[in-house]
Amino acid sequence: MVGVMAAAVSFCQAQEQQPPLRVAIVGLEHDHVAGFLAQLPQHHEVELVGIAEANAALVDKYEKKNSLAHDLFFPTTDAMIEARHPQALLVYTSIAGHRKAIETAGKYGLAVMVEKPLTISVDDALAIRRVARERHIQVLVNYETTWYPSNRAAYDEVENGRLGPIRRVVVHDGHEGPKEIGVSPEFLSWLTDPAQNGAGALYDFGCYGVDLMTWLMHGETPESVTAVVNQDKPEIYPKVDDDSTIVLKYPTAQAVIQGSWVWPFSRKDMEVYGATGYVITVASDGLRTRLAHGKTEQSSTAPPLPLDESTSLGYLVAVMRGKIAARGDLSALDTNLIVMQILDAARESARTGKTVRLTKLPD
């Protein structure tokens, strides 16, 4: 017993003694980068070694705001990689910029984590998969809701059979609108451009529910996708939708995914209905559950996630060090290929007013 404990302590010490993962930022036009930079001091397992950004005003803004060394910044991704030798890239460009960033990472054999969604089309997604396979690199997608204990607890309720087979899932995501909540001009510019974002709220917030449903269904491709979008605030968002509903049909289940920029407040929650019960997530860690023979609904707090799965950076480090196999989970490339197939079909359904039937993507 003493020997086992000593071995465990030795292993933990070895893990702690590993040098931090060298990460670099590509792009500063996505406001989520501010959250990453704010969290960086708490993440000793990573070291920021470079930032690629051509916009001098953005460089100046973040250099001053976060007290960053001037020599961290480079005008191009290639120049930054060749000077700083990162092991992984964190991409904060427009969604349309993801493919180029991943192709550059592939050239140098670097892992990549992009902000959700993976890209703007299924064609781009297949090209990204090809790069990942040919260059043997990890491509991961960061969704805020991946790190919610409530979503994992809901998933576990399905997996342990307490709810019975899934029959219906309803997901709500969004806020009052990007302009209304005061995003930066750089972020707003591409977020409201369909060529840079893929769509409006349909992509920006619809992707969360599509990702969650694909995970819950273990990567099953839905039979069909039907989507409707509204433009409730054309004076603010003249080029893109600001309210969306996506309906996914499976052989024995449905999902209704509501992504919107017209909610009266910010929300990210999910309802999972099975044959024998339901679970509803409340914010990041709350649950409401009722089973078929239960007389009342029960409220509870979800248990915390394992350390390696509680933050995007912790997860990235665990994947890079072989502690987690990124397959079939919310951030994995295989999951997000299906997410992009669904989002692409939803955009087409909204455009044509017709249901789009899907088949499994080729391997």
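Biologist: How many residues apart are E348 and R351 in helix α13?

Modeller: Keep in mind that this is a predicted model. Both residues sit in helix α13, which covers residues 333–352. Their spacing is about one turn of the helix, and in residues that makes three.

Biologist: And how far apart are the closest N and O atoms of E348 and R351?

Modeller: The cut-off for a salt bridge is 4 Å between a side-chain nitrogen and a carboxyl oxygen. E348 and R351 do form a salt bridge, with their closest N and O atoms separated by 2.7 Å.

Biologist: Is R351 buried or exposed?

Modeller: To count as exposed, a residue needs over 50% relative accessible area. R351 has 62%, so R351 is exposed.

Biologist: Which residue forms a salt bridge with E144?

Modeller: Start with E144 in the loop between β6 (139–142) and α7 (149–159); the partner is 124 residues apart from it, in strand β11 (residues 267–274). The closest N and O atoms of the pair are 3.2 Å apart.

Biologist: How many salt bridges does a search of the whole structure find?

Modeller: Another of these pairs is E297 with R288, at 2.8 Å between the closest N and O atoms. There is also a network in which shared partners join R99, E103 and D124. For the whole structure, the search gives 17.

Biologist: Moving to rings, what kind of aromatic pair do Y143 and Y208 form?

Modeller: Y143 is in the loop between β6 and α7 and Y208 is in helix α11 (residues 206–216), so the pair ties together parts 65 residues apart in sequence. Both tyrosines are buried. Planes over 60 degrees apart count as edge-to-face. This pair has 65° between the planes and 5.9 Å centre to centre, so by that cut-off it is edge-to-face.

Biologist: What about Y237 and W261: what kind of aromatic pair is that?

Modeller: Both Y237 and W261 are buried. Their centres are 4.9 Å apart, with 55° between the planes. Stacked needs under 30 degrees and edge-to-face over 60, so an angle in between counts as tilted. The Y237 and W261 pair is tilted.

Biologist: Which residue lies over the face of F205?

Modeller: F205 belongs to one aromatic cluster with Y143 and Y208. The residue over its face is at 5.4 Å from the ring centre, and the cut-off for a charge over a ring is 6 Å. That residue is K116.

Note on methods. Residues are numbered from 1 along each chain as its sequence is written. This is a predicted model: local features need pLDDT of at least 70, side-chain atom pairs count only at pLDDT 80 or more; totals for chains, interfaces and linings use all residues. Side-chain values use heavy atoms; hydrogens and water are left out. Helices (H or I, at least four residues) and strands (E, at least two) are DSSP runs, numbered from the N terminus. Buried means under 20% relative accessible area, exposed over 50%, partly exposed in between (1.4 Å probe, protein chains only). Rings of Phe, Tyr and Trp (its six-membered ring) pair if their centres lie within 6.5 Å; planes under 30 degrees apart count as stacked, over 60 as edge-to-face and the rest as tilted. A charge sits over a ring if NZ of Lys or CZ of Arg is within 6 Å of the ring centre and within 35 degrees of the ring normal.
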